[in-house]
Amino acid sequence: MKYVNIVAPMLGALRQTKSVLLYLCSTRPQVTPPFIKVLNTKIFYVLQEVVQEYERAVIFRLGRLLRGGAKGPGIFFIIPCIDTYCKVDLRTVSFDVPPQEILSKDSVTVAVDAVVYYRISNATISVTNVEDYGRSTRLLAATTLRNVLGTKNLSDILSERESISHIMQASLDEGTDPWGVKVERVEIKDVRLPVQLQRAMAAEAEASREARAKLIAAEGEQKASRALREASEVIADSPSALQLRYLQTLNSIAAEKNSTIVFPIPLELFKGFSKRMEH
């Protein structure tokens, strides 16, 4: 935001050119230059200024805001020594919020930084209601980041970044609305944890993974034991099922091209020999 003060020409130069200007205006009024206005034989100097499509000019006349709001885009006219104006850029501006050391709700210290996007929604208010809207928005963003994250646990900060960004955007937009500033977007860039806390979290995660692995293995063994019990009951009810299982085992061994094959022999064949040995 740059205030431009327009200085009138020197009085000596004005006296020298006054007769020439009066002659031109009296003889050929249709060729009066665009920067001269003739009213009741008095000459007023009017300066021509231009603002871009993305800019607006807020004009003050003798210290008071000129009616009609901000001027632009295009050409506008001001009176030297009476009018002052400042240009306001309406394009979206982004800035980084410096890393903030924040104490979370569960007493963990983290460093968090963010990025904010904002634009001017009302050029007149941004000039008259606040001295420096850019600096004020930056300071408010830093304090809002600390206040919002101070009410969250560490797990919420790490997992709910999107919801935290929406809360910050709503809070910033409400705070900057009287300044003519519209906060469009807020994003949390990085959350840095202390090294000791990172190691502790890694050890905790590893322990939880090992515990889950043991539980899964135990559940698998339990299911396997139940299946084996049911299979043994079926084999006990049907002796031929055991022989079929023997043949299936031989088939799987032969398919692997092993040099040694073990033939299972039913124990019933040895019952006759055992009885003769007893007699």
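Helices (H or I, at least four residues) and strands (E, at least two) are DSSP runs, numbered from the N terminus. Keep that in hand for the tour. The model is predicted, so local features need pLDDT of at least 70 and side-chain atom pairs count only at pLDDT 80 or more, while totals for chains, interfaces and linings use all residues. Residues are numbered from 1 along each chain as its sequence is written, and side-chain values use heavy atoms, with hydrogens and water left out.

**Stop 1: the sheet**

Select β9, β10 and β11. They form an open sheet of three strands in the order β9-β10-β11, with antiparallel pairing. Two strands pair if DSSP finds at least two bridges between them. The edge strands are β9 (93–103) and β11 (181–192), and each pairs on one side only. From one strand to the next, the twist averages 25°.

Now zoom in on β9 and strand β10 (residues 109–120). Nine bridges join this antiparallel pair. Pick Ser94: Tyr117 in β10 stands opposite.

**Stop 2**

Axes here are lines fitted to C-alpha atoms, for helices over the stretch in contact, and angles run from 0 to 180 degrees between N-to-C directions.

**Stop 3: Thr144**

Is Thr144 buried or exposed? Thr144 counts as buried because its relative accessibility is 7%. The cut-offs: buried is under 20% relative accessible area, exposed is over 50%, and partly exposed is in between (1.4 Å probe, protein chains only). Leaving aside neighbours within four places in sequence, Thr144 is in contact with Met168, Ser171 and Leu172. Contact means heavy atoms within 4.5 Å.

**Stop 4: Leu65**

Go to strand β6 (residues 64–65) and select Leu65. Leu65 is partly exposed because its relative accessible area is 38%. Not counting residues up to four places away in sequence, Leu65 touches Val58, Ile59, Phe60, Thr124 and Thr128. Then draw a line from Leu65 to Tyr85. The two are 20 residues apart in sequence and 9.6 Å apart in space, C-alpha to C-alpha.

**Stop 5: two cysteines**

Select Cys81 and Cys86. Cys81 counts as exposed because its relative accessibility is 51%. Cys86 counts as buried because its value is 0%.
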